[in-house]
Amino acid sequence: MENKLYVSPSPHIHGGDSISKNMYGVLIALVPAFLVSLYCFGLGALIVTAAAVVFCVLFEYLIQKFLMKKEPTICDGSAILTGVLLAFNVPSNLPIWIIAIGSLAAIGIGKMSFGGLGNNIFNPALTGRIFLLISFPAQMTTWPEVGQLTTYADATTGATVLSLLNEGALDKMPTLCDMFLGKMGGSLGEVSALALLLGMVYMLWKKIITWHIPVSIFATVFVFTGIMHLVNPAQYASPLVHLLSGGLMLGAIFMATDYVTSPMSKSGMIVYGIGIGILTTVIRLFGSYPEGMSFAIFIMNGVTPLINSYMKPKHFGGK
Amino acid sequence: MLRTFRIGGIHPPENKLSAGKKITALAAPKQVIIPLSQHIGAPAQAVVKKGDLVKVGTLIAKAGGFVSANIHSSVSGKVNKIDNALDASGYRRPAIYIDVEGDEWEETIDRSETLVKDCTLSSKEIVDKIAAAGIVGLGGATFPTQVKLMPPPGSKAEIIIINAVECEPYLTSDHSLMMEKGEQILVGVSLLMKAVNVNKAVIGIENNKPDAIAHLTKLAASYSGIEIMPLKVQYPQGGEKQLIDAVIRRQVKSGALPISAGAVVQNVGTAYAVYEAVQKNKPLFERVVTVTGKAVANPSNLLVRMGTPINDLIEAAGGIPENTGKIIGGGPMMGKALISAEVPVTKGSSGVLLLTKEESVRKPMQDCIRCAKCVNVCPMGLNPAFLMKYTVYKDWDLAEANYIQDCIECGSCSYTCPANRPLLDYIRSGKGKVMGIIRSRKS
């Protein structure tokens with residue numbers, strides 16, 4: 001033996017967890033939803049997802065290498081995840097140049113302008129999505145109909161559940177079962193509640209997330225829309241329709257649980273989840289946008305530092 | 001369902017390589033180096049000088065204050081010198097060097113193996129004997145035992161809780177002691193109960209030692225008031241506050257002593273030392289030390305005289321492996337990395353762990369992603385990520401308001417962090433600073 005020993009403070013062992021393990025874990029959890037999107041939207045889903053991932057990773061690499069002048073960390077999986085989540089939040093016929101702009105907004109503005117992973121206030125994929133929604137409202141709100149497997153940009157578009165709701169066209173709604181499985185229009189990753197819930201179960205099992213954020217969002221939306229439905233069933237759809245439609249599942253399970261932009265204590269997570277649930281419902285029921293999940297999460301991302309400073313973890317021996 | 005503490009916790013790989021190995025006595029070395037600071041509190045003061053002849057068990061240093069402990073010679077021979085010596089802390093501090101000649105014990109020590117169950121001493125006499133024998137907490141905290149047995153005025157002990165969880169990975173010294181000295185431990189527990197005048201004691205043992213649980217449960221049937229409680233395996237259950245929470249479902253408040261929850265907690269090894277001191281007149285000069293590591297040829301549980309160089313223990317376990325990167329005094333979670341294998345065994349040495357070079361290197365730190373995994377595992381309900389940040393920014397007010405001083409330094413946060421952040425390194429230094437501020441405010 002060389003006559004040299006390592007000396008460092010305790011602990012001397014590490015559990016082996018890593019940022020990339022968590023990021024790739026989330027990506028694995030997104031596989032069922034991706035498979036459903038391929039089944040529903042075929043070529044379009046593949047092109048949009050691949051484009052978003054390539055652009056996000058590329059922009060992250062270029063910005064880290066040439067603007068920030070540090071070692072690129074594209075292998076940690078976070079840029080890939082941002083790309084996949086961005087793709088899941090847009091229609092499957094979105095032109096590639098718009099995806100490139102969205103990726104630049106997500107990585108450049110949403111993440112790197114704050115200093116990179118861990119320092120951003122807002123979820124990068126969400127930043128990209130909202131940037132696109134405001135910049136390209138027409139392209140972002142016309143969704144192809146399910147089942148056109150070999151088309152991409154020229155797919156026939158149709159209405160989504162929430163746009164039908166917003167127009168008051170309750171009679172054209174798909175059945176709850178179709179909504180649960182994914183036979184409805186929408187952004188490419190959000191259509192199947194079943195696939196997204198499978199992803200949630202996987203992440204809970206792997207301890208990547210805890211139940212607090214998604215469950216409190218589901219509960220709040222269910223209760224809030226349930227009350228409104230009871231008050232006026234003709235105007236307000238049933239709470240199950242709200243839970244299964246739009247980006248609620250995708251947002252609650254994969255976007256709101258983003259580590260960096262969500263609170264750290266359990267009580268804080270619940271407050272954050274309730275806030276997202278209330279804001280989403282308010283925007284859906286009373287706002288001019290049919291969907292409110294993105295904005296709700298975005299707003300609560302901004303409130304997270306405040307929640308962190310008021311909602312502390314339960315202290316040993318405390319009240 | 002098995003009990004455990006209710007906030008946080010982790011379950012690192014147990015790696016109890018030396019489990020089931022019999023305790024073997026290690027012969028005294030040629031020279032022992034006995035540090036005067038082997039306990040928390042004031043260093044002991046030497047009562048021997050160069051050239052003095054001592055026997056095994058001779059008092060060589062007297063307690064240097066209320067919170068301090070006597071120290072006895074672990075060998076017979078001649079005092080070579082009193083000089084600074086490198087100890088586990090990494091500093092050179094005063095120690096007594098004794099050259100070993102023969103193995104002659106003080107006549108007062110009962111060296112027979114017969115079990116002495118009965119004790120007619122009063123509470124005070126028991127405590128005095130414990131103090132005279134220089135017993136300290138053998139779990140690693142090394143707090144002088146007699147001090148814990150004298151509750152401050154106004155507080156009353158209701159229960160003795162014996163810490164036999166041995167939650168640190170690798171270590172098996174307590175486990176082996178329970179298997180081989182079960183009766184003695186139970187007598188020791190009875191003595192502790194008598195010392196603080198309670199009629200109930202619980203020995204908490206983690207469920208990964210079913211043989212020890214079965215063995216002690218069988219023996220405890222003939223001792224009144226002693227219950228064996230199997231606990232769910234969870235680190236850091238050996239933490240005093242965590243163990244109290246697990247066993248009696250009470251959480252000691254921030255800054256309060258365990259006695260405020262009515263509990264006196266003692267390590268199982270301490271209970272054995274109490275038996276030997278009170279019933280056999282044997283002061284604390286030897287202890288069981290686990291020598292272990294994945295590359296160690298022969299992981300063992302050794303009965304070692306205090307002051308024996310760690311090197312001798314490693315030799316007895318098959319020598320130092322080729323690719324050793326780190327030598328740890330204690331377990332992997334809370335032990336201290338030693339800067340040399342010449343460091344002597346002291347009262348707090350529960351184990352010697354050799355890590356390979358690959359196991360010794362920390363991975364590079366990344367930015368915090370606020371995943372809150374450290375929050376989820378912190379057994380004190382703190383936010384380690386924020387405490388580290390407050391320390392970096394030297395914001396001592398916020399650090400104190402967020403209870404940095406409550407950190408028990410278990411290391412669960414650093415162990416868990418996916419970004420490999422050295423959370424505990426920072427928190428430990430911030431805690432030291434804040435404790436200093438709190439002390440200066442009081443005085």
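1. The model is predicted. Chain B comprises 14 helices and 17 strands. Its C-alpha trace spans about 65 × 50 × 50 Å along the principal axes. The radius of gyration of chain B is 21 Å, which agrees with the value near 22 Å that a compact globule of 443 residues would have.

2. Burial and contact range in chain B. Of the 443 residues in chain B, 57% are buried. Among contacts in chain B with a separation of 6 or more, 73% join residues 24 or more positions apart.

3. In soluble globular proteins, nonpolar side chains tend to be buried together. Here the largest nonpolar core has 236 residues, and B:V189, B:I203 and B:L313 have the most contacts inside it. Helix α3 (residues 43–67) of chain A supplies the largest share of this core, ten residues. Once residues up to four places away in sequence are set aside, B:L313 touches B:L26, B:V289, B:V291, B:L302, B:V304, B:T308, B:V345 and B:V352.

4. Helix α1 of chain B. After α1(B) comes B:G134, which has a positive phi, near 70 degrees.

5. The contact between the chains. Chain B contributes 52 residues to the contact and chain A contributes 32 residues. On the side of chain B that touches chain A, the elements giving two or more residues are β15 (324–329), β16 (336–337), α13 (412–416) and α14 (423–442) of chain B. The most comes from β15(B), with five residues. By class, that side of chain B has 27 nonpolar, 13 polar and twelve charged residues.

6. A:I274. Is this residue of chain A buried, exposed or partly exposed? A:I274 has 18 other C-beta atoms within 10 Å and is therefore partly exposed, since a buried residue needs 20 or more and an exposed one has 12 or fewer. A:I274 lies in helix α14 (residues 266–286) of chain A. Leaving aside neighbours within four places in sequence, A:I274 is in contact with A:S216 and A:T220. A:I217 is 57 residues from A:I274 in sequence, yet the two are 5.6 Å apart in space, C-alpha to C-alpha.

Note on methods. Residues are numbered from 1 along each chain as its sequence is written. Chains are lettered from A and ligands numbered from 1 in the order in which they are written. This is a predicted model: local features need pLDDT of at least 70, side-chain atom pairs count only at pLDDT 80 or more; totals for chains, interfaces and linings use all residues. Two residues are in contact if their C-beta atoms, placed from the backbone, lie within 7 Å. Helices (H or I, at least four residues) and strands (E, at least two) are DSSP runs, numbered from the N terminus. Ala, Val, Leu, Ile, Met, Phe, Trp, Tyr, Cys and Pro count as nonpolar, Asp, Glu, Lys and Arg as charged, and the others, Gly among them, as polar. A nonpolar core is a set of buried Ala, Val, Leu, Ile, Met, Phe, Trp, Tyr and Cys residues joined through C-beta atoms within 7 Å. The radius of gyration is taken over C-alpha atoms; the globule rule is 2.2 Å times the number of residues to the power 0.38.
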